[in-house]
Amino acid sequence: MTTVDPVAAATPPSRLSPVRLPVALAMAVAAGLALLLAFPPYGWWPLAPVGVALLAAATHRRRLRAGAGLGFVTGVALFAPLLAWTNLHTGYLPWVLLSLLQAAYLALLGVATAWVSPLVDRFPPVWPVVTGVLWVGQEALRDRTPFGGFPWGRLAFGQDGSPLLRLAALGGAPLVTFAVAVSGGLLVAGLWWLARARRQPTAAPRWWVPAAGAGAAVLVLFSTALLVPLGGSARGGSVTVAIVQGNVPRLGLDFNAQRQAVLDNHVDATIELAAQVAAGAREQPDLVVWPENSSDIDPLRNPAAGARISAAADAVGVPILVGAVLSGPEQGQVRNAGLLWRPGTGPDLEQLYIKRHPVPFAEYVPMRDIARMVSKQVDRVRADFVAGTEAGVVRTPAVVLGDVICFEVAYDGLVRDTVTGGAQLLVVQTNNATFDVAEARQQLAMVRLRAVEHGRPALMASTVGVSGFVAPDGRVSDATGFNTRAVVVRQLTLTEGRTLATRIGMLPEVLLAGLAVAALAGAAVLRRRPG
């Protein structure tokens with residue numbers, strides 16, 4: 001008759017030996033691919049917790065070097081295909097370097113998850129929370145370093161169709177990331193219990209209870225998220241907005257070699273809209289929004305370009321928010337701007353937003369001499385874009401806009417600053433002509449999160465697509481196709497008040513990242529203890 005050690009039977013699942021290295025390597029690859037498939041254009045968001053769980057299981061109780069290697073493998077499997085749109089027109093080197101840099105942060109996460117193994121071995125119930133705070137800490141670091149960081153690929157940005165998206169109204173993107181990672185931590189804890197039960201099937205009559213509890217906790221987390229109320233008060237009135245997606249003559253980096261044609265496309269589309277309004281076929285908008293780079297000819301210095309924009313504004317009879325490249329302030333410098341252009345009077349220089357976070361190595365080149373030694377392609381950026389200093393609050397007669405440009409939508413503080421500054425409608429002006437539809441849909445997912453986070457209607461206006469409107473609950477309307485010309489008009493209900501996420505700002509991220517540091521410190525104490 002087989003006897004069972006009752007102490008062994010009660011041993012937490014995390015006391016199991018680490019997964020064999022070949023299996024762990026396969027799990028690391030699968031983790032990256034599962035995370036990838038959670039993002040647009042795939043949108044299989046339930047796979048994000050699975051990816052988190054696979055990486056956590058693969059790195060548990062590993063040596064630190066092995067944890068780093070497994071995390072890096074996951075990072076490459078995620079970021080190389082996720083960022084493939086960066087190599088469409090710039091060659092492979094920028095794509096490879098960016099992907100490897102982002103993967104390095106997941107290598108650090110792999111080190112961290114291996115490091116905290118003694119902590120979760122000693123206190124198994126904390127495993128899900130520790131997993132969650134480590135992911136938030138990793139993203140907080142990646143979002144800020146180097147050169148201001150690159151937040152693309154945050155767990156939160158792959159949850160645009162998930163119930164967890166609603167948590168953005170409480171704690172922004174960091175809270176959504178935390179919830180996804182906690183779900184993954186619950187899955188790995190449950191699987192660890194199942195693995196132990198398989199090795200000792202008679203060890204405990206109710207071996208399934210902890211595993212079932214972990215699975216139930218995942219369901220409770222997702223179900224509870226559905227209870228979060230969305231949207232602010234609808235007492236803010238309404239506004240009718242037109243998005244003009246003029247398209248470009250051809251995709252690629254040389255789209256701006258056809259600067260006049262791009263400007264003409266947006267002017268002509270706006271004048272056609274005016275004719276349709278006059279004929280009663282379209283509703284009269286209160287505002288027209290053009291995308292980033294709709295006028296790469298500085299309309300403040302080029303009279304012909306200014307005259308073309310004035311013709312469009314005068315025809316439609318309402319202000320146009322123009323995405324323009326402006327010269328200065330010093331020779332050899334340029335600015336990426338959202339400029340309000342009024343009918344009859346032209347540019348309103350009091351309502352001008354200058355992009356606050358130019359993209360390094362795309363809009364400006366840090367350490368140009370050193371960068372040139374890596375690739376002479378950096379000299380494609382002939383003039384460095386100068387960063388603005390003021391939040392993108394643009395006041396029009398009909399509505400106060402919160403304007404951000406292109407990748408700025410990925411940065412929490414840049415969007416929040418517009419809402420605390422009084423924005424009623426979030427606007428993302430972007431140019432996707434150098435990328436593809438996958439990048440555009442990934443960006444639209446970020447707009448959806450921002451709308452929920454701040455309880456504001458939002459829109460994305462792109463030169464080539466995807467453009468569209470987003471309600472405060474994250475629903476998308478009138479999304480356009482890619483590489484097409486389109487004009488969409490919609491009446492938006494404005495909201496008042498501030499969500500909890502808007503009010504508390506980066507506090508959730510600070511607290512969660514602080515807990516990550518505490519977990520690392522706690523694990524260090526346990527590692528120093530003998531035995």
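Colleague: In which helix does Gln138 lie?

Modeller: Gln138 lies in helix H7, which covers residues 127-142. Keep in mind from the start that this is a predicted model.

Colleague: Is Gln138 buried or exposed?

Modeller: Burial is read from relative accessible area, and under 20% counts as buried. Gln138 has a relative accessible area of 8%, so Gln138 is buried.

Colleague: Which residues is Gln138 in contact with, leaving aside its neighbours within four places in sequence?

Modeller: Gln138 is in contact with Tyr105, Leu106 and Leu109, once neighbours within four places in sequence are left aside.

Colleague: What is the mean pLDDT of the chain?

Modeller: pLDDT is the predictor's confidence in each residue. The chain has a mean of 90, and 88% of its residues reach 70 or more.

Colleague: Where does pLDDT stay under 50?

Modeller: Over residues 1-14. For that stretch the model has 26 contacts beyond four places in sequence.

Colleague: How many helices and strands does the chain have?

Modeller: There are 16 helices and 13 strands in the chain. Of the 531 residues, 54% are buried. The accessible surface comes to about 21500 Å², and carbon and sulfur atoms account for 61% of that surface.

Colleague: What percentage of contacts between residues at least 6 apart in sequence join residues at least 24 apart?

Modeller: The figure is 72%. One pair of residues shows how sequence and space can be compared. Ala114 and Ala58 are 56 residues apart along the chain, and their C-alpha atoms are separated by 9.1 Å.

Colleague: Where is Ala114 found, and what does Ala114 touch?

Modeller: Ala114 is found in helix H5. Its relative accessibility is 0%, so Ala114 counts as buried. Not counting residues up to four places away in sequence, Ala114 touches Thr59, Arg62, Arg63, Leu64, Gly67 and Arg527.

Colleague: Which residues touch the most other members of the largest nonpolar core?

Modeller: The general idea comes before the case. In soluble globular proteins, nonpolar side chains tend to be buried together. Here the largest nonpolar core has 111 residues, and Trp135 and Leu459 touch the most other members. Helix H8, residues 168-199, gives the most to this core, with 13 residues. Apart from this core lies another, of 27 residues, among them Ala242, Ala274, Val318 and Leu326.

Colleague: What does Leu459 touch, not counting residues up to four places away in sequence?

Modeller: The residues touched by Leu459 include Val241, Ile243, Val289 and Leu425, and also Gly468 and Phe469.

Colleague: Which residues make the nonpolar surface patch?

Modeller: A patch is read from residues with over 30% relative accessible area. In this structure Phe72, Tyr92, Val96 and Leu100 make a nonpolar surface patch of about 370 Å². Helix H5, residues 92-115, gives the most to the patch, with three residues. Leu100 lies in helix H5, and with a relative accessible area of 37% Leu100 is partly exposed.

Colleague: How many salt bridges does a search of the whole structure find?

Modeller: A salt bridge is read from a side-chain nitrogen of Lys or Arg within 4 Å of a carboxyl oxygen of Asp or Glu. The search finds 15 salt bridges. In one of them, the side chains of Arg154 and Asp143 meet at 3.2 Å, N to O. Arg154 and Asp143 each lie in the loop between H7 and H8, so the pair ties together parts that are eleven residues apart in sequence. Arg154 and Asp143 are buried.

Colleague: Which residues are linked in a network of salt bridges?

Modeller: The network links Glu139, Asp143, Arg154, Asp412, Arg450 and Glu453.

Colleague: Are Arg490 and Asp478 buried or partly exposed?

Modeller: Arg490 counts as partly exposed, at 32% relative accessibility. Asp478 is also partly exposed, with a relative accessible area of 32%. Arg490 forms a salt bridge with Asp478, and their closest N and O atoms are 3.1 Å apart. Arg490 is in strand S13, residues 486-493, and Asp478 is in the loop between strand S12 and S13, twelve residues apart.

Methods: Residues are numbered from 1 along each chain as its sequence is written. This is a predicted model: local features need pLDDT of at least 70, side-chain atom pairs count only at pLDDT 80 or more; totals for chains, interfaces and linings use all residues. Side-chain values use heavy atoms; hydrogens and water are left out. Patches are made of residues with over 30% relative accessible area and no salt bridge: like charges are joined within 9 Å, nonpolar side chains (Val, Leu, Ile, Met, Phe, Trp, Tyr) within 5 Å. Accessible areas come from the Shrake-Rupley method with a 1.4 Å probe; for residues, only the protein chains shown count as cover. Helices (H or I, at least four residues) and strands (E, at least two) are DSSP runs, numbered from the N terminus. Buried means under 20% relative accessible area, exposed over 50%, partly exposed in between (1.4 Å probe, protein chains only). pLDDT is the predictor's confidence in each residue, from 0 to 100. Contact means heavy atoms within 4.5 Å. A nonpolar core is a set of buried Ala, Val, Leu, Ile, Met, Phe, Trp, Tyr and Cys residues joined through side-chain atoms within 4.5 Å.
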